[in-house]
Amino acid sequence: MSCDKEEAVDPKPKEPPIEKPDNATNGGDIYRYQMITVNVPSETLTKESYTAKLGDKTVTLTRLDEKNLIFIPDENIPFGEQRLVIPELKDFAIKFEIKDQVLANSPEKTLEPLLNKFQEVIDAGGTPGAEQAISNVKAAKDAFTKANSNQRKIMAQTYMANKAFIDQLIQSSFSNRIQIARTSLPTLQNIGQKAAIGGNVHGTLSNQEKIDLINKHMTAILVMSVSAGGVAFALPWGWHTLVFLGATGVAAWCAIDAVVEIARLTFYYTAIEFGITNTNRSQRETLSPGIKGNILGLNTLMASTPGTLDIVTGKDRIFAFNMNARSPQSGDRTGSSLLMKTLFEKTDELNGYLNKANNAINWVNSNLYAGFSIFKIPTFPNVGQVGQVQVGTNIFDKELKLSISHPNLKVNKLALSQSGSLLLNVETVNSTESTINAELKYAFKDDFTNFSGSVPIKVQNNISLVGTWKLVSLYSGIPVGEEVLYTHPQCSNIVSFKTTTTGQMVFTETTFSSQYHYDTYNRGSYAVNLENCTIAGNYPLKHEPANGGYSGTYTLEGMKIKYIGIVPNINVFELIDENSINYGGDIFVRVNSN
């Protein structure tokens, strides 16, 4: 009798194991040193990097955006089919066929087109972003020259594996940079009259021109974003990184110039400014006084109580018309302009890429070739550059609206000239009032600024000059009563002549007379010892008071006072307002009316 147990028999026959289907996406053929983007449509990528397996090798994929990762297969990755698996993303898998980049020519010949393009960048120069770009392009060229044969081969294979991308990147960046430089010139055709603030193009750009310019700059920034991916994101770093660093230098040049250019352009209108144009003996045009409109809205530059614009019914009046403007500043990221918000977002992205590119540069300088420069991070200033802008008709027709609304006023002319003057002609209707007070309202809105306000206007049915007017300011701008000294031309310590001037004008209905009193002290002819600037002898200042003036008949035509007097070629002076007169540059104010 046997003690062995009988083996249990499985009533069900064994079936061969079921092989799980390979769920890996086919990524196709790729090459060593090629920048590879992996799209993960089913996941939202939140981490900066993810660890994965490519075959049996551990690799790091870095986040490009919410749906894409990026890496570079280097010399440690075997040729042939390799399966990339990312455990942190639910074992997301994709398989590639890794191939060797076979060079048709020597590394030197292969890289020749790229190095020639680098030389174009070196030769161009001359802009804020050029210094770093040229430094890193030179470093890439120098590194290739000093590399050994294997390192040169890696650099050449990197260029060939990414040739279409690198060539397009450099060409696009270089073209964008040239376009930016050309657009910033005040002489660019089809933009119209451009005055300059510190040599910069400013607010006379139309709204659409500003939009086009910023979009072009953002294109440059986005190009840089793609480029930085090759350096900052694509790990691991190695000799292939130097090729991307050179290309990134070109793109960074364009992007940094874009931010610098936008930061110095005065895009934001912030105030309206009127001025009264006066004519004096030298036919000078001055703004006296400056009248600043109240500012309501974004990024207030100044706020002041506006003066009054005086107008005679039915008569043309020309006012100097300007707008204050400033360049973008850091606070504009929270403003109302969607375009500028987008620009700040893209600039933040750019700076993030540049910071990561700087990490790659630090690694390369420490481990491979110490010749690359850290990129400076472009920023917008806390306070923008402010200046006065002469505006043209293109702004008046679209973004700026001026209006006068009053039941007893009729607007005959309200027009802005290309030279920056406002022509205003308003007449009273259905009114016997001698004066009507109203408002010149303004409203400005474009994609960057939105503000409105008003300036008081006073429309006179008739202005009477009859009465006495007192001199308050001389032609040279010296207040009445202030002593004026005239010194020896070679010895400023010696006073030759001094005077104090007072004066007044008196008007009747048809005539006027001006009287000036000069309280003068005169030394006359005297001798001077030039060695020590002393008077050789006794030549005291003698009191020699004098009087002068003009008289004649006049007519009042609008704000112009025309007369026939005894002095030839001086026959026009004008009202600044109903209570002040510009008389050949001397300013008189009304004392009383008779």
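Is Tyr-33 buried or exposed, and what is the relative accessible area of Tyr-33? In this predicted model, Tyr-33 has a relative accessible area of 4%, and because the cut-off for burial is set at under 20%, Tyr-33 counts as buried. The residue belongs to the loop that lies between strand 1 and strand 2, and the backbone of Tyr-33 adopts a positive phi, near 70 degrees, in a residue other than glycine.

A positive phi is also found at Cys-533, where the value is about 50 degrees although the residue is not a glycine. Cys-533 is placed in the loop between strand 22 (528-529) and strand 23 (534-535). With a relative accessibility of 19%, Cys-533 counts as buried, since the cut-off is under 20%.

In general, the strands of a sheet pair through backbone hydrogen bonds, in either a parallel or an antiparallel manner.

Turning to the helices, helix 6 comprises 26 residues (residues 239-264), which at 1.5 Å a residue should span 38 Å, and the distance of 38 Å between its end C-alpha atoms agrees with this expectation. Of these 26 residues, 24 are buried, so helix 6 is largely enclosed by the rest of the structure.

Part of the surroundings of helix 6 is provided by helix 7 (residues 338-367), the axes of the two helices coming within 11 Å and crossing at roughly 145 degrees. The crossing of helix 6 and helix 7 is left-handed. On the side of helix 6, the contact involves Thr-241, Leu-242, Leu-245, Ala-252, Ala-255, Ile-256, Val-259 and Ile-262, which meet Leu-343, Thr-347, Leu-350, Leu-354, Ala-360, Ile-361 and Val-364 in helix 7. Classified by residue type, this contact between helix 6 and helix 7 consists of 13 nonpolar and two polar residues, with no charged residues.

Conventions:
Residues numbered from 1 in each chain as written. Predicted model: local features only at pLDDT ≥ 70, side-chain atom pairs only at ≥ 80, totals over all residues. Heavy atoms only, no water. Helix = DSSP H or I, 4+ residues; strand = E, 2+ residues; numbered from the N terminus. Expected span 1.5 Å × (residues − 1). Buried < 20%, exposed > 50% of the residue type's maximum accessible area, 1.4 Å probe, protein only. Axes fitted to C-alpha atoms, helices over the stretch in contact; angles between N-to-C directions. Left-handed = near helix turned anticlockwise from the far one by under 90°. Contact = heavy atoms within 4.5 Å. Nonpolar A, V, L, I, M, F, W, Y, C, P; charged D, E, K, R; others polar.
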